[in-house]
Amino acid sequence: MPILEYIDTHAHLDMPEFDTDRQEIFRRAFENGVKTIITTGIDILSSQKAIDMAAANASIYAAVGIHPQECNGATEADFARLDILADADKVVAIGECGLDYYRDYSPRHTQLETFYNHLDLADKSGLPLIIHCRQAEEDMLNILSNWSAQSPASEGKGVIHCFSGSAETALKYINMGFYIGLGAYIGYPSSKKYRADFAAIPLECIVLETDCPFLPPQSHRGERNEPAYIPLTAAILAEIKNLEPAEIASVTTANARRLFHLDK
Ligand SMILES: [Zn+2]
């Protein structure tokens with residue numbers, strides 16, 4: 001049976017957890033059919049590292065952004081720098097950006113201001129957004145519905161990464177032109193209550209992600225996550241949706257290619 005092809009649409013490959021064996025990580029991903037990885041910045045330095053990694057490896061693409069947990073202290077100069085980084089080769093998205101009212105590491109007004117900056121950058125660059133949203137659903141839905149109503153692109157505006165919630169909320173995002181990012185956490189016992197919701201999200205609007213080194217599959221809890229585990233997430237989604245893993249692989253891979261314009 002041929003190896004199925006997958007895309008990991010959200011990894012943090014620059015993190016120190018991968019410093020000792022990064023090349024091994026790439027090799028294992030490739031061997032498991034994960035032929036393309038988008039590594040996402042969380043601040044200026046990691047965004048630059050993402051660009052450098054993409055330049056050095058054909059399988060890797062970069063996203064540039066400032067994470068809501070990292071935005072406290074972000075300056076005008078940082079945003080000017082981000083504008084420049086967004087123009088670099090193989091940058092396919094703006095993010096990771098968004099709102100996190102769970103941890104509240106940064107004041108909410110700073111998070112909101114920073115997020116609006118990323119929306120402007122998405123408008124300017126024409127790139128899709130990679131959005132983090134934790135316990136900030138009401139603000140996020142309001143902001144994105146206003147923004148997407150005036151934004152010219154009718155679809156492919158970005159992805160709501162690490163989505164967990166009702167199918168109704170997912171459909172609101174989808175109707176605004178967003179995709180839904182799902183990771184290995186969909187198989188956690190704590191996610192059981194969302195199974196029917198995950199099942200109801202149209203496959204044509206789902207992309208797979210690891211968020212590695214975080215959120216490993218249930219069978220690897222307590223360990224480091226890595227892109228090679230994407231097929232495990234595809235298998236869980238196949239079970240939840242009562243579909244073949246091959247269909248999950250081919251449709252989510254096509255979705256990621258379409259959203260991030262990877263065929264250009
Ligand atoms: Zn992330």
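Helices, labelled H or I with at least four residues, and strands, labelled E with at least two, are DSSP runs numbered from the N terminus. Ala 234 is found in helix H8. The model described here is predicted.

## The zinc site

Four residues supply protein donors to the zinc ion: His 10 (NE2), His 12 (NE2), Glu 96 (OE) and Asp 211 (OD). These donors lie 2.1 to 2.3 Å from the zinc ion. Their spacing in sequence reads H-x1-H-x83-E-x114-D. His 10 lies in strand E1 (residues 6-11) and Glu 96 in strand E4 (residues 91-100), so this pair ties together parts that are 86 residues apart in sequence.

What angles do the 4 donor atoms subtend around the zinc ion? The angles are 84 to 175°, which makes the arrangement irregular.

The UniProt record lists His 10, His 12, Glu 96 and Asp 211 under "binding site", in an unreviewed entry. These residues span 202 residues in sequence, yet no two of their C-alpha atoms are more than 10.6 Å apart, so they gather at one spot. Of these residues, His 12, Glu 96 and Asp 211 are included in the lining of the largest pocket.

His 10 and Glu 96 are both buried. Glu 96 has 1% relative accessibility, and therefore counts as buried. Residues up to four places away in sequence aside, Glu 96 touches a set of residues that includes His 10, His 12, Thr 40, Gly 41 and Ile 42. Also among them are Gly 65, Ile 66, His 67, Ile 130, His 132 and His 161. The side chains of Glu 96 and His 12 make a polar contact at 3.1 Å.

Asp 211 sits in a loop, between strand E8 (206-208) and helix H8 (230-241). Is Asp 211 buried or exposed? Asp 211 counts as buried, at 9% relative accessibility. Beyond its neighbours within four places in sequence, Asp 211 is in contact with His 10, His 12 and His 161.

## A second annotated pair

Another "binding site" annotation in the unreviewed UniProt entry covers His 132 and His 161. The two span 30 residues in sequence, yet no two of their C-alpha atoms are more than 5.7 Å apart, so they gather at one spot. The lining of the largest pocket includes His 132 and His 161.

His 132 lies in strand E5 (residues 129-134). With 11% relative accessibility, His 132 counts as buried. Not counting residues up to four places away in sequence, His 132 touches residues including His 67, Pro 68, Gln 69, Glu 96 and Cys 97. Gly 98, Leu 99, Asp 100, Met 140 and His 161 are also among the residues that His 132 touches.

His 161 is placed in the loop between strand E6 (158-160) and helix H6 (167-175). His 161 counts as buried, at 4% relative accessibility. Neighbours within four places in sequence aside, His 161 is in contact with zinc-site residues His 10, Glu 96 and Asp 211, among others. Its contacts also include Ile 130, Ile 131, His 132, Gly 181 and Glu 209.

| Side chain | Partner side chain | Distance |
|---|---|---|
| Glu 96 | His 12 | 3.1 Å |
| His 132 | His 67 | 3.4 Å |
| His 161 | His 10 | 3.4 Å |

Ala 234, in helix H8, is buried, with a relative accessible area of 0%. Which residues is Ala 234 in contact with, leaving aside its neighbours within four places in sequence? They are Tyr 6, Leu 208 and Ile 248. Ala 234 and Leu 171 are 63 residues apart in sequence and, C-alpha to C-alpha, 21 Å apart in space.

Thr 253 is placed in helix H9 (residues 245-259). Thr 253 counts as buried, at 6% relative accessibility. A polar atom of the Thr 253 side chain lies 2.7 Å from the backbone oxygen of Glu 5. Apart from neighbours within four places in sequence, Thr 253 is in contact with Glu 5, Tyr 6 and Ile 7.

Definitions and conventions
Residues are numbered from 1 along each chain as its sequence is written. This is a predicted model: local features need pLDDT of at least 70, side-chain atom pairs count only at pLDDT 80 or more; totals for chains, interfaces and linings use all residues. Side-chain values use heavy atoms; hydrogens and water are left out. Donors are N, O and S atoms within 2.8 Å of the metal (3.2 Å for Na, K and Ca); water is not among the atoms, so sites may look incomplete. Four donors count as tetrahedral if all angles lie between 85 and 135 degrees; four count as square planar and six as octahedral if opposite donors are over 155 degrees apart and all others between 65 and 115; anything else is irregular. Buried means under 20% relative accessible area, exposed over 50%, partly exposed in between (1.4 Å probe, protein chains only). UniProt positions are given in the numbering used here, feature names are shortened, and annotations may be inferred rather than shown by experiment. On a 1 Å grid over the protein atoms alone, a cavity is a set of points where a 1.4 Å probe fits but cannot get out, and a pocket is an open set with protein on both sides within 12 Å along at least five of seven lines; lining residues have an atom within 4 Å of a point. Contact means heavy atoms within 4.5 Å. A polar contact is a pair of N or O atoms within 3.5 Å; within protein, one must be able to donate a hydrogen and the other to accept it, and residues adjacent in sequence count only if both atoms are side-chain atoms.
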